[in-house]
Amino acid sequence: MSETVTAAGSGASATDRFQSDKAAAAADTPPERVDMLAREVLDAVHQTIRKHEVTYDEYNALKAWLINVGQDGEWPLFLDVWVEHVVEDVATSGREGNKGSIEGPYYVPDAPEYQAEATLPMRENEPGTPLLFQGQVRAVDGTPLSGAKVEMWQADDEGYYSQFAPNIPEWNLRGAVVADEQGNFKINTIQPAPYQIPTDGSCGKLIAAAGWHAWRPAHLHLKVSAPGHQKLTAQLYFPGDPHNDDDIASAVKPELLLDVRPADSGNGNQVTYDFVLDAS
Ligand code: MBD
Ligand code: FE
């Protein structure tokens, strides 16, 4: 029997991933700052309770829900969907180069590396519309960034990510492409499907209880880096997607919409998108 896709399955994978890649690199935050931040967050919670006269039943429902978020492994999903976009905004507000967007819970480092013109790893007859994604990486002053690295990861045509859903090859639709001397790259992939965050876990319960929807518009994830420059984490979106205007993760910006056209090859679509990186 094949494993099914569950919130607890993808949640456990995302939690393990985070614990092994990022949790150890905890910020060295001074106690004065921890004190200030913790107090202000708690003050905001207390104020909300007083303002809306939160009941014991509601308090206990919240307590049970918070316990379940952890048990489902959905803290990475919860935080990346409802909090990360503000952290990203604050962290990148001074940049002159490309707008970025949130990383989300499904990045995996050290994907297979390719030179300048590549096809992302995919299954034989990978379902979906072929997409040629090409562009150039430059500095703010227009200098091409020779040897820049473009890491890309995305959902498949059913909205599933490799390593976070069962029965998908390990590096499916994940790769790192090293641009040529002129900073140019060409990546062959397929167009991802819109993504619905798991509805059978705690995040899904919140969405249902609040009468929200669980959709993110179809998107490509990217990290673009070059020596001496700030790494750009971005997502790119497809015009016409019904959820570009109401992404559950609030991670769409107008600068991140692609201008997709029929491919010159006659096979699927193509799009050109250039990246401009700020100096570090
Ligand atoms: C995703 O694919 C995603 O990109 C984010 C930010 C949250 C949940 C799923
Ligand atoms: Fe995603």
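The model is predicted: local features need pLDDT of at least 70, side-chain atom pairs count only at pLDDT 80 or more, and totals for chains, interfaces and linings use all residues. Residues are numbered from 1 along each chain as its sequence is written, chains are lettered from A and ligands numbered from 1 in the order in which they are written, and side-chain values use heavy atoms, with hydrogens and water left out.

Start at the metal. Which residues hold the iron ion, ligand 2? The protein donors are Y161 through OH, H219 through NE2 and H221 through NE2. They lie 1.9 to 2.1 Å from the ion. Donors here are N, O and S atoms within 2.8 Å of the metal (3.2 Å for Na, K and Ca); water is not among the atoms, so sites may look incomplete. Along the chain, the donors follow the spacing Y-x57-H-x1-H.

Buried means under 20% relative accessible area, exposed over 50%, and partly exposed in between (1.4 Å probe, protein chains only).

Now turn to ligand 1. The residues around it include Y161, H219 and H221, along with R216, Y195 and I197. A residue counts as near when one of its heavy atoms lies within 4 Å. A polar side-chain atom of Y161 lies 2.9 Å from an oxygen atom of ligand 1. R216 also places a polar side-chain atom 2.9 Å from a ligand 1 oxygen atom. For H221, a side-chain N or O atom is 2.9 Å from an oxygen atom of ligand 1. On its own, ligand 1 has 260 Å² of accessible area, and the protein covers 100% of it. Such areas come from the Shrake-Rupley method with a 1.4 Å probe.

Next comes strand β3, residues 130-139. Strands are DSSP runs (E, at least two residues), numbered from the N terminus. Why is β3 largely enclosed by the rest of the structure? Eight of its ten residues are buried.

Which strands pair with β3? Two strands pair if DSSP finds at least two bridges between them. Seven bridges join β3 to β6 (residues 184-190), and these strands run antiparallel. Here G135 has F185 as its bridge partner. Four bridges join β3 to β12 (residues 269-272), running parallel. There L131 partners N269. Three bridges link β3 with β13 (residues 275-277), also parallel. R138 stands opposite V276 in β13.

Conventions: Polar contact = N/O pair within 3.5 Å; in protein donor to acceptor, adjacent residues only side chain to side chain.
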